[in-house]
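I opened this model today to look up a few local features. My notes are below, in the order in which I checked things.

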Amino acid sequence: IEEKMYISTYIKKKQQEVVGFLEANKIDFQQMDIAGDEDNRKWMRENVPGEKKPQNGIPLPPQIFNEERYCGDFESFFSAKEENIIYSFLGLAPPPGTKVCTAVLPLGVIYLILIRDKDKQ
């Protein structure tokens, strides 16, 4: 039981970091609950590319998508943020004044796949 609590806390911290970044940068996103919605869980498992899935085949949240386009998991998000290529990672145009030169995809809705805290619903 203690190990499950540690994993749950670890996942929630990752999710909070992604949500905090998106909110701080005024990036519109939609959170999709996989704990209470089997359709969302199935969609996530089917749409995370095979090479990005762990050996057991079940990717852990948070997983990030721009519409149907898979952006990556938390580690990819963190690396993109550290390398200052986060807008490219998300498939978004950087805000005016940002010194980033990348090719971007059309603006879409960022989907953040996560486990929602049942107490906060």
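This is a predicted model: local features need pLDDT of at least 70, side-chain atom pairs count only at pLDDT 80 or more; totals for chains, interfaces and linings use all residues.

**Entry 1, the hairpin.** I began with strand E2, residues 63-66, and found that E2 runs antiparallel to E3, with four bridges between them. I looked up the partner of Asn66 and got Arg69 in E3. Two residues lie between the strands of this hairpin. Strand E3 covers residues 69-73, and I noted four of its five residues as buried.

Which residues of H3 are buried? In this helix, residues 74-82, I listed Phe74, Phe77 and Ala80. Viewed down the axis of H3, the buried residues fall within an arc of 125°, so they line one face of the helix. At the start of H3, I found a side-chain oxygen of Asp73 within 3.3 Å of the backbone nitrogen of Glu75.

**Entry 3, the rings.** I searched the whole structure for aromatic pairs and got six. For Phe74 and Phe77, the ring centres are 6.3 Å apart and the planes are at 35°, so I logged the pair as tilted. Phe74 and Phe77 are three residues apart in H3, which puts about one helical turn between them. An α-helix has 3.6 residues a turn, so residues three or four places apart point the same way. I also looked up the accessibility of both residues: Phe74 has a relative accessible area of 11%, and Phe77 has 0%. Both count as buried because the cut-off is under 20%. Ring pairs link Phe74 and Phe77 with Phe21, Phe78 and Phe89 into a cluster.

Which residues touch the most other members of the largest nonpolar core? I noted Ile27, Ile64, Phe77, Ile86, Phe89 and Leu90, out of 14 residues in that core. Helix H1 (2-24), H3 and helix H4 (86-90) are the elements that give two or more residues to this core. H4 gives the largest share, four residues. I then listed the contacts of Phe77, leaving aside neighbours within four places in sequence, and got Val18, Phe21, Ile64, Ile86 and Phe89. There is a second, separate core of five residues, and I wrote down Met44, Val48, Phe65 and Tyr70 among them.

Arg41 is in helix H2, residues 38-47. A polar atom of the Arg41 side chain lies 2.2 Å from the backbone oxygen of Ile34. Not counting residues up to four places away in sequence, I found that Arg41 touches Ile34 and Ala35.

Most residues other than glycine have a negative phi, and most peptide bonds are trans. I kept this in mind while going through the loops.

- Where is the cis peptide bond? I found it joining Pro61 and Pro62, with omega of about 0°. Pro62 sits in the loop between H2 and E2.
- Glu67 has a positive phi near 55°. I placed Glu67 in the loop between E2 and E3 and noted it as partly exposed, with a relative accessible area of 32%.
- Asn84 has a positive phi near 60°.

Methods: Residues are numbered from 1 along each chain as its sequence is written. Side-chain values use heavy atoms; hydrogens and water are left out. Buried means under 20% relative accessible area, exposed over 50%, partly exposed in between (1.4 Å probe, protein chains only). Two strands pair if DSSP finds at least two bridges between them. The arc is that of the directions from the helix axis to the C-beta atoms. A polar contact is a pair of N or O atoms within 3.5 Å; within protein, one must be able to donate a hydrogen and the other to accept it, and residues adjacent in sequence count only if both atoms are side-chain atoms. Rings of Phe, Tyr and Trp (its six-membered ring) pair if their centres lie within 6.5 Å; planes under 30 degrees apart count as stacked, over 60 as edge-to-face and the rest as tilted. A nonpolar core is a set of buried Ala, Val, Leu, Ile, Met, Phe, Trp, Tyr and Cys residues joined through side-chain atoms within 4.5 Å. Contact means heavy atoms within 4.5 Å.
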